[in-house]
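Here is a short tour of one structure, written for someone who likes to know how each number is defined. Have the viewer ready.

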Amino acid sequence: MTADREVKIAIIGGGPAGLAAAVSAAESGVSPEDILIIERDHVPGGILNQCIHNGFGLHTFREELTGPEYAGRFVDMAKERGIPFLLDTMAVDISRGETAGAAGKELKYLSVMNREDGFFTIGASAVVLAMGCRERPRGALNIPGFRPAGIYTAGTAQRFVNIEGRMPGREAVILGSGDIGLIMARRMTLEGAKVRAVVELMPYSGGLKRNIVQCLDDFGIPLKLSHTVVDIRGRERVEAVTIAEVGPDRRPIPGTEETFACDTLLLSCGLIPENELSHGLGVELSGVTGGPVVNESLETNIPGVFACGNVLHVHDLVDYVSEEAGTAGRCSAAYVMNPAESRGGRTVSVRCRYGVRYTVPASIRTEYMAERQIIRFRVGAVYRDACVAVDFDGKAFRRQKKRILAPGEMEQVVLGKSDMEAAGVSEITIRIEEEPQGTRQGV
C-alpha cells in the first residue's frame with residue numbers, strides 16, 4: 001500500500017488534546033512539517049469553542065480563561081511553530097502497513113477525506129489518537145414516552161446557545177448531573193429560561209463540586225439525587241416530564257412521581273470516548289472507560305499508536321488533558337526519532353481494587369517512565385475520611401488520607417522512578433482503604 005502523503009506523526013483531532021500533543025512533539029525535536037493535525041471541524045479547538053464560561057487554564061497558564069481563550073493559546077502555539085492542519089477533514093479508517101517509513105517504523109495508513117481533495121491516504125510512523133468523546137443519546141437511556149421535539153443532549157444545547165445564538169427552549173428539566181448539564185443549567189437561566197430541576201439517577205452528582213455550587217446552588221436550581229425521568233409527555237413538542245425516586249436497585253419507586261411542565265429536556269448522562277477508529281485498528285479497549293489500554297508512554301498495544309484526552313478516559317479538567325497530551329506528544333516524538341531503540345524492558349502491571357474503577361496507565365515500563373509518574377483514576381462511589389492506598393507487590397507502600405472521594409472528581413497518585421526501581425516491584429495496586437469512622441455512599 002502506498003500513501004498519498006507521508007508524515008512522522010499524524011494526530012487525529014484538533015481539540016485541546018491534539019493541539020497539546022502536536023506542540024509537545026515539536027518541542028521534543030520533531031520537525032513541525034513532519035507533524036500533521038487532522039480535524040473534522042472547520043476550525044481547531046474542539047469542544048472548547050462552545051465552552052464560553054471561565055474556569056479553564058488555572059493549572060496550565062496560572063490564570064482563568066474561557067474555553068475559546070484556552071484553545072486559542074494552543075492554536076497560536078501550534079501555528080507559531082509551523083505545525084500544519086488539515087481542517088474539515090474526516091479520518092475514516094486506520095490500518096497497519098508492511099513497509100517502514102522515513103523514521104524506520106512500521107507505517108500506519110490513515111484513510112481521510114474532505115471536500116477539496118476527496119479521498120486520500122496519509123502514511124505516518126506514529127499516530128496520536130485525540131478524537132475526544134461524544135454524549136450518550138436518548139436511545140441509550142430507555143426513557144419511555146413519545147419522541148417529540150425539545151429533547152437535546154446538553155452539548156447540543158450548548159452549541160445552539162453559545163455558537164448559533166438559538167435557545168432550545170424556555171422551561172427545562174435536565175436529566176443527569178454531568179458537568180455539561182450543570183453548566184447548561186446556569187447558562188439557560190442566564191439567558192432567561194427556567195430550569196425546573198436537575199435530575200440524577202445516582203445518589204451523588206457526576207459533576208465537580210464547584211459546578212454544583214456555582215451553577216445550581218447560586219441560582220436556586222434543585223438537584224434531585226436518586227431520581228430519574230419515567231415519562232415524557234407531548235407528541236409534537238415536549239409538554240411535561242415526569243420524574244420518580246429510585247431505590248437501591250435504581251428502579252422507580254411507585255407513588256413518588258412528580259411532574260414538571262416544561263418544553264425542553266436536556267440529557268447529560270455521560271460521555272463515551274470516540275474509539276471506532278481505534279477498534280477498527282485493533283487497539284485494546286478498556287471495558288470500564290471505553291478508551292484504549294495504555295502504558296506509561298500512553299502507547300496502546302499497537303506500537304507507535306498513542307492516545308490522550310477524552311478518547312482515552314473522560315477528564316474533569318482540560319488542564320489535565322493538556323498535561324496528558326504533552327506526554328503523548330513527547331513519547332510519540334521519542335518513538336519516531338529513535339528507530340533502532342528497543343521497546344522491551346520490565347513491565348509493571350497497575351491494578352485497581354476496592355473502589356478504584358480504573359487506572360491510566362494500566363502498565364509501566366520502568367525503563368521508559370518519567371522521574372515522576374502520574375497515575376490517574378476514578379472511584380466508583382463516594383467515600384468520606386478514607387485513604388488512597390498504594391501497594392507494591394501486595395505490601396503497603398503509601399497511604400494518602402482523603403477527606404472525600406467522589407466519582408465526579410478524577411484522582412491521581414505520583415510515583416517516583418527511583419522508588420519503583422529500588423523496590424524491584426512487579427505489580428502496583430491502587431485501592432481505597434476506609435478508616436473505621438469512614439462512611440461510604442453510593443454503589
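Axes are lines fitted to C-alpha atoms, for helices over the stretch in contact, and angles run from 0 to 180 degrees between N-to-C directions. Helices (H or I, at least four residues) and strands (E, at least two) are DSSP runs, numbered from the N terminus. This is a predicted model, where local features need pLDDT of at least 70 and side-chain atom pairs count only at pLDDT 80 or more, while totals for chains, interfaces and linings use all residues. Residues are numbered from 1 along each chain as its sequence is written, and side-chain values use heavy atoms, leaving out hydrogens and water.

**A helix pair.** Helices α4 and α5 pack at about 20°, their axes 8 Å apart. That makes the two roughly parallel (angles under 35 degrees).

| Helix | Residues |
|---|---|
| α4 | residues 179–190 |
| α5 | residues 209–216 |

Contact means heavy atoms within 4.5 Å; among the residues that meet are D179 and L182 of α4, and N211 and I212 of α5.

**A buried lysine.** K108 sits in strand β5 (residues 106–114). With a relative accessible area of 0%, K108 is buried (under 20%, using a 1.4 Å probe and protein chains only). A polar atom of its side chain lies 2.8 Å from the backbone oxygen of P303. Contacts of K108 beyond four places in sequence include I94, S125, P303 and Y335.

**An open sheet.** Three strands follow the order β19-β21-β24 with antiparallel pairing (strands pair if DSSP finds at least two bridges between them). Because β19 and β24 each have a single partner strand, one side of each is left without a neighbour in the sheet.

Note on methods
Buried means under 20% relative accessible area, exposed over 50%, partly exposed in between (1.4 Å probe, protein chains only). A polar contact is a pair of N or O atoms within 3.5 Å; within protein, one must be able to donate a hydrogen and the other to accept it, and residues adjacent in sequence count only if both atoms are side-chain atoms. Angles under 35 degrees count as roughly parallel, over 145 as roughly antiparallel, 65 to 115 as roughly perpendicular and the rest as oblique.
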